[in-house]
Every structure is written in C-alpha cells, then in structure tokens.
Amino acid sequence: MAAFVGSAGAWGVAPVVGGRAASGVAADAPLSRRHAAASAAVGTRMALATPPSHGGSFWKLSDAERRAAMQLPGGSTPEGFSAKYVAFDKADPSTHSLDEVVYRAAGGGLLDVQHDMEALARTPPEEWKDLFDRRAGRTVWPYGSGVWSKKEWVLPGIPDDDVVSMFEGNSNLFWAERFGKELGMTDLWVKQCGNSHTGSFKDLGMTVLVSQVNHMIKSGKPIKAVGCASTGDTSAALGAYCAAAGIPSIVFLPADKVTMAQLVQPIANGSVVMSLDTDFDGCMKLIQQVVEEYPIYLANSMNSLRLEGQKTVSVEIAQQFDWLVPDWVVVPGGNLGNVYAFYKGFKMMKELGLTDRIPRLAVAQAHNANPLYRAYVDGFKNFKPITAEKTLASAIQIGDPVSIHRAVQALEESGGVVEEATEDELMDMSARADRTGMFNCPHTGVALAALDKLLKKGVIGREERVVVVSTAHGLKFTDSKVAYHERKLHQCSSNYANDVVRIPANVDRVVDAIRKRVEF
C-alpha cells in the first residue's frame with residue numbers, strides 16, 4: 001500500500017506501515033518505528049516526487065516536464081554552481097581548474113575539490129532534500145544514478161551529455177537485525193556498496209573521473225588513455241567505465257595478488273592489463289612515473305575527482321534514514337581515500353543544513369596491512385609506511401596509503417577511531433555474518449570484526465545506530481570463501497566452516513545425514 005505525502009512543497013510516495021506513512025519519524029521515536037522508517041526509505045526513495053498538479057504520477061509527465069522536475073525550483077541550473085581544485089594543505093594557496101591535467105598542488109601535496117559553498121547555500125536545505133529525493137532512481141539522464149542525482153555537489157559544470165554512468169549508487173541499506181542481535185546490538189545496518197555495476201564502491205568514484213576525462217577529451221585535451229594501479233576493484237571499475245566511453249584503459253596489477261574474478265573484469269572490458277612482479281605500492285610508483293611522461297590520465301584516488309563520487313555514499317545513508325545521521329560509520333581502510341570521502345560528504349550536508357552533525361568514523365584495517373592503525377595507537381604523532389603483508393582482504397593490502405593525511409583529518413574532526421583485525425578474526429566474522437543472510441567480501445569482514453572489538457571495549461554503544469560500509473560483493477572473493485569452508489586457510493581456524501555432506505544417492509543415507517543437522 002502507498003499514500004501520497006507532502007514534503008516541503010514536493011510530493012512523494014511512502015509506504016503505509018500500520019496504517020500510517022513511514023516517513024518523518026522523529027529521532028527519539030521508538031526503535032521499531034525508526035527501523036520501519038529507515039527500511040521504508042531504503043526502497044521507496046527510489047519512487048519519489050512529482051508535482052501534485054499531475055496527480056503525483058511521474059509517468060504522466062512529458063519528457064520536458066520530467067526533466068524540469070529534476071531541476072531546482074525556479075529553474076536554477078548547474079551553471080550557477082562551480083568547483084575547482086585547491087591544495088589539501090591549507091598553507092598552499094594554489095588552485096586549478098578541474099579541466100586541467102593536474103594531480104598535485106604547487107607545493108607537491110594532494111589536491112582537493114572545493115565547491116562554491118556560498119552558491120550552494122543559497123538553496124535551502126529542504127529544497128536540496130526534495131531535489132535529491134525526486135531524482136533518485138529516475139530514468140531522466142543522468143539523474144537516476146546515486147552519484148549524479150547529486151550532480152550540483154559533484155561536478156556541477158559538466159554537460160549531461162558528457163556523463164559516463166551505469167546507474168551506479170542507490171545501493172541498499174541492509175538492516176542486519178539478526179546479526180546485530182548476535183552482537184548484542186539493536187540498530188546495525190550494512191550499506192551494500194558492492195551491489196553495483198562492477199561489484200564494488202569504486203564505481204561511485206570512477207563514474208565521476210571518467211566523465212570528467214570524457215569531457216576533457218571532447219574539449220580538445222590530448223588524453224590518449226586512462227591508467228591506474230590497483231588491488232583489483234579499481235581496475236575493474238576503470239575498465240568498465242572507459243569501455244562504456246570508448247576510452248582506452250591501462251591497469252597495473254600486482255602479480256598473483258588479485259582474485260581471478262577481479263582480474264577477468266578489466267580483461268573482459270578490453271583494458272591493457274599489466275601484471276607486475278611487485279605489490280600495490282610498487283604499482284603505484286610505476287603508474288605515477290608513466291603518466292608524467294605520456295598522455296595517460298591517472299585514475300588512482302590521489303586524484304580527488306574520485307572522492308567526489310564516493311562522498312555520495314554519505315548523502316545516500318542520510319537520505320535512506322530520512323535525513324537522520326547514524327552515530328557511527330565503520331569503514332574498511334586501505335589507500336584511505338574513502339575515509340576522507342565519506343567524512344567530506346557528511347561535512348558538506350552539515351554545512352548546508354541538511355543534517356545537524358557528523359557521525360563518528362571507525363576505520364578498520366587488516367592486521368597485516370595496518371599503517372593507519374599503528375599511527376593511531378601512537379596518537380598520530382608519526383606516520384611510517386610499512387611493507388604490507390599478504391592478507392585475504394587483498395583490496396586493502398596497502399602499506400603506504402596515498403590519503404593518509406586526508407584520513408587523519410577525517411578521524412580527528414569526527415572523533416573517530418581505528419581498529420584492526422587478524423586474518424582469523426576477519427574470516428570468522430565474515431562467515432558469521434554470512435550465516436545471517438549476508439555474503440560478505442573479506443574487507444567487510446575486517447569492518448565487522450573491528451566493530452565487534454569496539455563493542456567489547458565499550459567504544460561503540462550497543463544501542464547506537466551503526467552503519468558498516470560493505471565495499472565489495474562477496475562473489476568477487478569466492479576463492480577465499482571456499483578455502484575457508486574447506487579449512488584450507490592455514491592462518492584461519494575456520495570456526496564457522498560449513499561442511500558439504502558427500503554421501504551416496506540413497507534416501508536412507510540422505511535422511512540420516514539431514515537428521516544430524518536439522519531437528520524434526
């Protein structure tokens with residue numbers, strides 16, 4: 001059942017729960033009502049908002065009317081907004097146009113994308129909320145994407161026709177009710193960013209970067225290809241989006257350190273795939289040398305364009321909770337660009353009045369690749385790169401993260417923490433969560449194991465609302481899952497392994513085997 005409900009002059013569809021529309025539930029409402037509201041928001045924000053003059057039926061609008069409905073009231077257009085590169089180091093005054101091929105500030109530090117916040121603030125927060133809700137999941141190009149529904153906050157100046165999108169984002173926010181109860185929690189959620197085109201959250205940043213490159217090429221910039229170093233997921237996203245745009249892509253991968261499922265993705269999309277006898281950090285150094293001499297555009301997260309797409313995860317989370325912010329967001333950390341991106345999204349919403357606070361961030365690292373955790377334990381007094389050891393959470397097997405200083409800022413300004421997980425802990429926790437209906441990548445296992453530790457330490461309260469960001473789909477890491485359940489991982493005890501029962505095709509033997517596992 002559904003009912004039309006008003007929201008700051010816009011109209012939307014919200015489900016009826018117990019005879020009442022599950023929207024606008026106050027933060028101090030009973031927990032069951034807040035769960036109902038958030039669960040409703042996850043599914044129904046995808047079918048929102050048409051003007052009441054059309055009876056609330058979006059499908060009755062003409063193409064021109066639909067496109068008009070995707071704009072701000074009064075016909076405001078993206079031309080009124082702007083963004084540019086600035087130095088992340090505030091002591092460096094250098095700035096650059098987003099149309100420049102540049103990766104570092106004049107002082108040698110990282111760049112950041114800075115939006116004209118005064119221009120954005122001229123639109124009231126309720127109008128931003130209604131606009132984002134109207135666009136979510138729609139077919140009007142490119143606003144149905146979870147990233148491009150926030151176009152004014154991402155790349156406001158790019159023409160719609162230059163956008164390269166595969167309808168990324170809009171990923172479900174899963175209420176992990178059963179698993180939360182096992183941990184003694186009442187309000188645990190998992191943001192399933194792996195439910196995306198190439199199976200990881202990297203799609204969110206890659207759509208922005210490849211769109212900007214597409215725009216620059218059309219504008220005459222001499223870019224011949226886009227390249228990246230990768231632990232697997234970045235290369236998959238780059239290969240797919242470049243293939244969609246017809247732009248050559250080149251990926252540098254550490255030999256024998258990515259899964260076959262990850263490796264086959266850029267191969268299938270026609271990328272030039274380089275398997276190098278080094279680790280990710282070595283690949284990163286090589287790709288930086290290559291792009292300095294040849295017209296290849298660098299796609300790694302030191303390029304802050306990707307972070308603009310990734311920050312929309314934060315906006316989606318708030319949007320799916322009816323613009324309420326969770327208490328904690330737990331994030332697996334490798335190269336650490338995502339940590340800063342999520343913080344940036346929450347900060348932007350707070351500054352523009354859509355939300356009233358920034359959640360605390362908890363970064364989870366694998367024990368075998370934990371440079372941020374070591375720095376955190378030392379009070380961030382001194383960061384030292386390490387040589388990352390092999391971890392089953394291969395996408396975060398990084399010892400010298402590019403975005404270390406970005407991540408430290410995000411943690412310090414959000415009151416965040418850092419925790420680690422061993423190989424045994426991350427695989428056991430992933431398997432436990434799988435038994436409650438999930439299908440987690442090892443990196444999500446790291447985040448869940450870190451959450452369990454922080455709960456036991458009393459850092460995170462069991463009544464607090466916690467969102468764990470799942471960065472990739474478990475189907476990309478089936479090798480480690482199979483090995484876990486077959487007890488073939490020497491560093492893991494496989495406490496939650498599920499044995500396959502192999503018996504003759506005899507009904508009596510089958511029933512006997514079932515009785516050993518299921519009570520009749």
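**Reading the sheet and its surroundings**

Analyst: Strand 13 (residues 328-332) and strand 16 (residues 466-470) run parallel and are joined by 3 bridges. The model is predicted, so local features need pLDDT of at least 70 and side-chain atom pairs pLDDT 80 or more, while totals for chains, interfaces and linings use all residues. Residues are numbered from 1 along each chain as its sequence is written, and side-chain values use heavy atoms, leaving out hydrogens and water.

User: What is the bridge partner of Val329 in strand 16?

Analyst: Strands of a sheet pair through backbone hydrogen bonds, either parallel or antiparallel. Two strands pair if DSSP finds at least two bridges between them. Here Val329 has Val467 as its bridge partner.

User: What is the order of the strands in the open sheet?

Analyst: Strands (E, at least two residues) and helices (H or I, at least four) are DSSP runs numbered from the N terminus. The open sheet has 6 strands in the order 7-8-16-13-14-15, with mixed pairing. Strand 7 (173-175) and strand 15 (417-421) are at the edges with a single partner strand each, so one side of each has no neighbour in the sheet. On average, neighbouring strands of this sheet are turned by 25° against each other, direction ignored.

User: At what angle do helix 16 and helix 18 pack?

Analyst: Axes are lines fitted to C-alpha atoms, for helices over the stretch in contact, and angles run from 0 to 180 degrees between N-to-C directions. Helix 16 (residues 423-434) packs against helix 18 (residues 478-485) at about 90°, with the axes 11 Å apart. That makes helix 16 roughly perpendicular (65 to 115 degrees) to helix 18. In contact (heavy atoms within 4.5 Å) are Met427, Asp428, Ser430, Ala431 and Asp434 of helix 16 with Ser480, Lys481 and Tyr484 of helix 18.

User: Is Asn440 buried or exposed?

Analyst: Buried means under 20% relative accessible area, exposed over 50%, and partly exposed in between (1.4 Å probe, protein chains only). Asn440 has 2%, so Asn440 is buried. Asn440 lies in the loop between helix 16 and helix 17 (442-456). Beyond its neighbours within four places in sequence, the contacts of Asn440 include Ser430, Asp434 and Lys481.

User: How many disulfides does the structure hold?

Analyst: A disulfide is a pair of cysteine sulfur atoms within 2.5 Å. The structure holds 0. For Cys242, the closest cysteine sulfur is in Cys228 at 8.7 Å, too far for a bond. Cys283 also has its closest cysteine sulfur in Cys228, at 9.6 Å, again too far. Cys242 is buried at 0% relative accessibility, and Cys283 is buried at 0%.

Notes
Angles under 35 degrees count as roughly parallel, over 145 as roughly antiparallel, 65 to 115 as roughly perpendicular and the rest as oblique.
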